[in-house]
Amino acid sequence: MGELVIHLKQAIRILRHPVDGFWELRYEKRGGLLAAIILLLLAYLATLISEISTSFIFNPIEVKFINPWLILAQVGIPWITWVLANYLVSSINRGQGRLVDVLIGSAYALIPYICFTVPLSLLSNVLTIGESSIYLFFQYIIIGWTGFLFIVLVQEIHNYDIGETIWITVLSILFMLAIWILLLIFAGLSVQLVDFIEQLYEEVSFRE
């Protein structure tokens, strides 16, 4: 239990000192899989609570139409494909990080999103449509801060210089998009195949 608390405190350390925090995560084992899973669950809960509590002005979706499973997919699929894409791209570009390092580090990089998404959604309830720029400003800050931590993660986990870090990050994002396109094509072909088999079965049944 004490070790888990130390691992979770490392997320705050990364929030304040990202370079040192990710280096300690990789080389001093200041993080763990259990803490990473907890952070992912918190990211999911933050997204779900945000969808429910954000003002209708900024999120015009009725609560009854919010699907927790769809939100789980919205959080989980991009994160999983990022982990796979970054590990595969960096492994062929002399990256030193292991899959478990990328997995744990990518969970810790979500800490700005976890900490500030719900407060922003609550803040949205006291803002008017004319003050939407304030909401958008803080939303961009959260996204930018989280994105910045992912870049520092790539640099520290794989021991790249700045140029290599930017190049590998871009390649990882492109590879993520390629994975999503392949999955969509596979899903489309699967639906067509199932439809073809059903029609073939109905045709054979009708002739019998």
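This is a predicted model: local features need pLDDT of at least 70, side-chain atom pairs count only at pLDDT 80 or more; totals for chains, interfaces and linings use all residues.

User: How is a pair of packed helices described, and at roughly what angle do H3 and H5 cross?

Analyst: Two packed helices are described by the angle between their axes and the distance between the axes. Helices are DSSP runs (H or I, at least four residues), as strands are (E, at least two), numbered from the N terminus. Axes are lines fitted to C-alpha atoms, for helices over the stretch in contact, and angles run from 0 to 180 degrees between N-to-C directions. Here the axes of H3 (residues 33-53) and H5 (residues 99-108) cross at roughly 40° and come within 8 Å. H3 and H5 are therefore oblique to each other (under 35 degrees is roughly parallel, over 145 roughly antiparallel, 65 to 115 roughly perpendicular, and the rest oblique).

User: Which residues of H3 and H5 make the contact?

Analyst: Contact means heavy atoms within 4.5 Å. H3 contributes Leu33, Ala35, Ala36, Leu39 and Leu40, and H5 contributes Val100, Leu103, Ile104, Ala107 and Tyr108.

User: Is Thr117 buried or exposed?

Analyst: Buried means under 20% relative accessible area, exposed over 50%, and partly exposed in between (1.4 Å probe, protein chains only). Thr117 lies in helix H6 (residues 111-123) and counts as buried because its relative accessibility is 9%. Leaving aside residues up to four places away in sequence, Thr117 touches Ala46, Ser50, Pro112 and Ile142.

User: Which residues of H2 are buried, and what covers them?

Analyst: In H2 (residues 18-27), the buried residues are Pro18, Gly21, Phe22, Glu24, Leu25 and Arg26. Their cover includes helix H1 (2-16), H5 and helix H7 (132-158). Just after H2, Lys29 has a positive phi of about 55°.

User: Which residues does UniProt annotate as "transmembrane region"?

Analyst: UniProt positions are given in the numbering used here, feature names are shortened, and annotations may be inferred rather than shown by experiment. The unreviewed UniProt entry gives residues 31-49, 69-90, 102-122, 134-154 and 166-189. In the model, residues 31-49 are 89% helix and 0% strand, with end C-alpha atoms 26 Å apart. Residues 69-90 are 100% helix and 0% strand, and their end C-alpha atoms lie 31 Å apart.

Definitions and conventions
Residues are numbered from 1 along each chain as its sequence is written. Side-chain values use heavy atoms; hydrogens and water are left out.
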